[in-house]
Structure formats: C-alpha cells, structure tokens
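Thanks for asking me to look over this model. Below is the structure, and after it come my notes.

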Amino acid sequence: MLCAVLLALAWTAPVSAAQTAQGETKDMNTVFAERKRLFDEIGQISGIPWYNLAAIDQFERSLTIANPKKRPTRKNALIGIYYSEVEWTGFGNPNEADTDPATIALFAGRGTDGDGDGRADRTNDFDVLSTMATFLLGYGTTENDLKLALWERYRNVRNVDRILQFARIYAAFGRLDLHDHAFPLPIKSTYSYRGTWGASRGWGGHRIHEGTDLFANYGVPVRSTCYGVVEVKGWNPYGGWRIGLRDLNNVYHYYAHLSGFDKSLKVGDIVKPGRVIGWVGSSGYGKPGTSGKFPPHLHFGLYRDNGMREWSFDPYPYLKKWEREDRLRAMKNKSGA
Ligand SMILES: [Zn+2]
C-alpha cells in the first residue's frame with residue numbers, strides 16, 4: 001500500500017520520475033526539445049515515425065516509474081528505454097559492461113553503436129534509441145510488423161495497445177509536451193468534494209471506494225483531465241454511464257455515474273485537458289439507464305499500470321492540484337497575462 005502511494009507520488013506531472021532523477025539542471029522544455037530532436041534524427045535515419053519511438057520511450061518510462069528497483073534510472077538520461085546488462089551485452093558474455101559491438105554481436109546482445117563512435121554504450125541515449133530502432137526494423141516497417149516487434153519485447157497485448165495509444169496521442173498533437181492537466185469540473189461551477197480515500201463506501205455501490213466523489217448538480221459538464229485517449233465508454237452496473245481515459249503516464253482516468261456522454265466521442269478518440277466528455281448524473285447501480293439511486297455526483301478514479309497489473313491510487317491530491325492550476329490559469333486569462 002505504502003509502495004503504491006510512493007509510486008503515485010512519483011507521478012507528479014508534468015515531471016516524471018526519470019526526469020526528476022536527472023536533477024534540476026534542465027527544465028522540462030529543454031528536455032522535451034532535446035528528446036524530440038533525438039526522435040526526429042533517429043526517425044529520419046531509420047524511417048520509423050518519430051511518434052512510434054516517442055511512444056515506446058514514454059511507455060518504458062512509465063514502467064520505470066512503476067518498477068524503479070528493477071529498472072534503475074540512468075543519471076541525465078534523456079531516453080527512458082531500459083536494457084539490462086544481459087540484454088545489452090548478450091547472454092553468456094563474460095563482460096557485463098561490454099561496449100565492443102563485435103563481441104556484443106558474438107553473444108547475440110542487443111546493444112548497437114548508433115552514434116558511430118565505435119562503442120555500443122548502454123548509457124548513451126543515441127545508442128539506446130538506435131538499438132530500439134534496429135530491433136524494430138528487424139521485424140519490418142508495417143503496422144503489423146511493429147505490433148509483432150512490440151509483442152516480442154513486452155509479451156503482453158495490453159502493453160502493445162498502450163504503446164499504440166501513446167503513438168496516436170503524439171501523432172495527433174505533434175509534440176511531446178502533453179502533461180498538463182485540468183480539473184474534471186469547470187471551476188466556475190458549484191461543486192464540493194472531500195478526501196475520502198478508503199474511508200467510506202462512497203455512493204453508487206463501489207465496494208471499496210477507489211476514488212473521489214465530486215458532488216454537483218445534474219448537467220454540470222465533465223471534462224477531460226488529461227491529454228489522452230478514450231479507452232472505455234459505455235454502461236457498467238456499478239459505474240453507470242462511465243468513461244475511461246488513458247494518459248501518457250499510463251494512468252487510467254475513470255469517470256462514473258454520468259447522465260450522458262458527448263455523443264461525438266468514440267473509443268479511440270484523442271482528448272485534451274478541459275475537453276467536455278459528458279455531464280454529471282446519478283446513473284448506475286442497476287440495468288442500463290438506471291439513475292437516481294443516489295445524489296448526482298461524479299465519481300473520479302485514477303489507476304496506475306505497471307505492465308502486469310493495475311491498481312488505484314488516491315486522486316484527491318491531484319484533484320486539488322489541478323483545481324489550483326485551473327484557478328491560476330483563469331486568473332491569468334482575466335488579467336490578460
Ligand atoms: Zn464514488
């Protein structure tokens with residue numbers, strides 16, 4: 001439990017743990033710019049679209065946040081892709097720190113020399129990303145080849161789906177800086193919520209109350225909290241009309257008890273913070289369309305995924321943060337700054 005809390009805190013957007021570990025010397029704009037340059041460069045050399053490289057990199061960064069012990073962060077790393085020593089230098093290679101491309105190849109290690117300095121260096125961003133590009137190209141360049149390569153590396157259909165989702169988000173916006181958030185309700189609307197994590201049953205039949213209930217009237221707009229993709233949309237006996245969004249930190253944003261959805265929104269659609277996705281209601285706890293069994297509210301939950309399983313964490317501190325940020329933005333807009 002404590003572990004989950006720590007991991008949840010590690011996900012304090014916009015800075016992910018990998019970047020936090022690299023210190024305060026570079027701001028995130030610089031990191032995004034340098035990272036994008038690397039994706040563009042290796043994308044051009046390899047012919048792999050930059051957003052596919054970005055998606056794999058971001059997915060592996062999310063794995064690192066969820067499994068920090070198994071995947072130690074490199075200092076000053078720009079790239080989140082992780083190769084263990086054995087993966088890099090090859091099984092049976094007596095030199096675990098081998099950087100010689102010839103002996104690495106002899107032991108069928110993955111490591112390649114991308115930047116042409118004669119060394120295949122596990123701590124060199126260019127070499128790491130080139131190694132990934134080389135691996136992908138080994139399968140071919142079609143969408144199906146990509147899926148096969150990803151399956152070979154991550155051994156899990158869900159993980160492959162995540163990476164394809166991330167790629168679509170990056171492709172839609174054309175940039176890496178997609179970690180801003182928004183409060184799920186318009187801050188001008190009338191609402192109330194408290195931090196009730198694990199304390200109560202909550203409304204709408206959540207056995208273990210995994211989320212925060214935001215009380216508001218019927219029809220108050222419900223908005224996307226993130227840059228992400230619509231992963232789930234429809235009826236669930238407990239959640240009623242519910243919708244789930246996946247963001248680039250591999251966090252699932254879950255909204256329940258809506259009175260309805262924005263009809264134009266489909267599973268697979270890309271959303272950005274503040275985009276209206278539905279309206280507050282009291283649906284759920286019965287057959288499709290059941291409503292009014294409890295006061296209208298938005299149930300909001302957050303779930304993290306470590307590539308193997310998914311668990312919920314307390315959204316309350318994040319809601320507080322996003323609410324504050326929305327207020328600041330509104331103030332800035334008003335003052336014309
Ligand atoms: Zn609830």
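The numbered points go from the whole chain to single elements and residues.

1. Ground rules. This is a predicted model, in which local features need pLDDT of at least 70, side-chain atom pairs count only at pLDDT 80 or more, and totals for chains, interfaces and linings use all residues. Residues are numbered from 1 along each chain as its sequence is written.

2. The chain overall. The protein chain holds 10 helices and 10 strands; helices (H or I, at least four residues) and strands (E, at least two) are DSSP runs, numbered from the N terminus. Of its 337 residues, 42% are buried. Here a residue is buried if 20 or more other C-beta atoms lie within 10 Å of its own, exposed if 12 or fewer, and partly exposed in between, with C-beta atoms placed from the backbone. Among contacts with a separation of 6 or more, 59% join residues 24 or more positions apart; two residues are in contact if their C-beta atoms, placed from the backbone, lie within 7 Å.

3. The core. Which residues touch the most other members of the largest nonpolar core? They are Leu53, Ala55 and Leu129, in a core of 66 residues. Helix H4 supplies the largest share of this core, 10 residues. The core also draws at least three residues from each of domain 1 (15-83 + 122-173) and domain 2 (191-335). By definition, a nonpolar core is a set of buried Ala, Val, Leu, Ile, Met, Phe, Trp, Tyr and Cys residues joined through C-beta atoms within 7 Å, and the domain bounds come from an automatic or database domain assignment. In soluble globular proteins, nonpolar side chains tend to be buried together.

4. Helix H9. This helix covers residues 157-173 and reaches 25 Å from its first C-alpha to its last, close to the 24 Å expected for 17 residues. The expected span of a helix is 1.5 Å times one less than its number of residues. Its buried residues are Val160, Arg162, Ile163, Gln165, Phe166, Ala167, Ile169 and Tyr170. Those residues pack against helix H4 (50-66), helix H8 (143-154) and strands E4 (228-236), E5 (240-247) and E7 (270-271). For a close view of this packing, look at Ala55: leaving aside neighbours within four places in sequence, Ala55 is in contact with Ile163, Phe166, Ala167 and Tyr170. Just after H9, Gly174 has a positive phi of about 70 degrees.

5. Helix H8. The end C-alpha atoms of H8 are 16 Å apart, which agrees with the 16 Å that its 12 residues should span at 1.5 Å a residue. Arg155 follows H8 and has a positive phi, near 55 degrees.

6. Strand E5 and its partners. How many of the residues of E5 are buried? The count is 8 of 8. E5 pairs with E4 in the antiparallel sense over 8 bridges, where two strands pair if DSSP finds at least two bridges between them. Gly228 has Asp247 of E5 as its bridge partner, and 3 residues lie between the two strands in the E4 and E5 hairpin. E5 also pairs with strand E6 (residues 251-261), again antiparallel, over 5 bridges. In that pairing, Arg246 stands opposite Tyr252 in E6.

7. Two non-glycine residues with positive phi. Asn250, in the loop between E5 and E6, has a positive phi of about 60 degrees although it is not a glycine. Asn250 is buried because 25 other C-beta atoms lie within 10 Å. Ala108 sits in the loop between helix H6 (101-106) and helix H7 (125-137), and its phi is near 55 degrees. Is Ala108 buried or exposed? Ala108 counts as exposed because it has 11 C-beta neighbours inside 10 Å.

8. Trp88. This residue is placed in helix H5 (residues 85-89). Trp88 counts as buried because it has 24 C-beta neighbours inside 10 Å. Leaving aside neighbours within four places in sequence, its contacts are Tyr83, Gly109, Arg110, Gly111 and Arg122.

9. The E9 and E10 hairpin. Strands E9 (residues 297-305) and E10 (residues 310-313) pair in the antiparallel sense over 4 bridges. Leu302 stands opposite Phe313 in E10. The hairpin has 4 residues between the strands, and Gly307 takes a positive phi near 95 degrees there.
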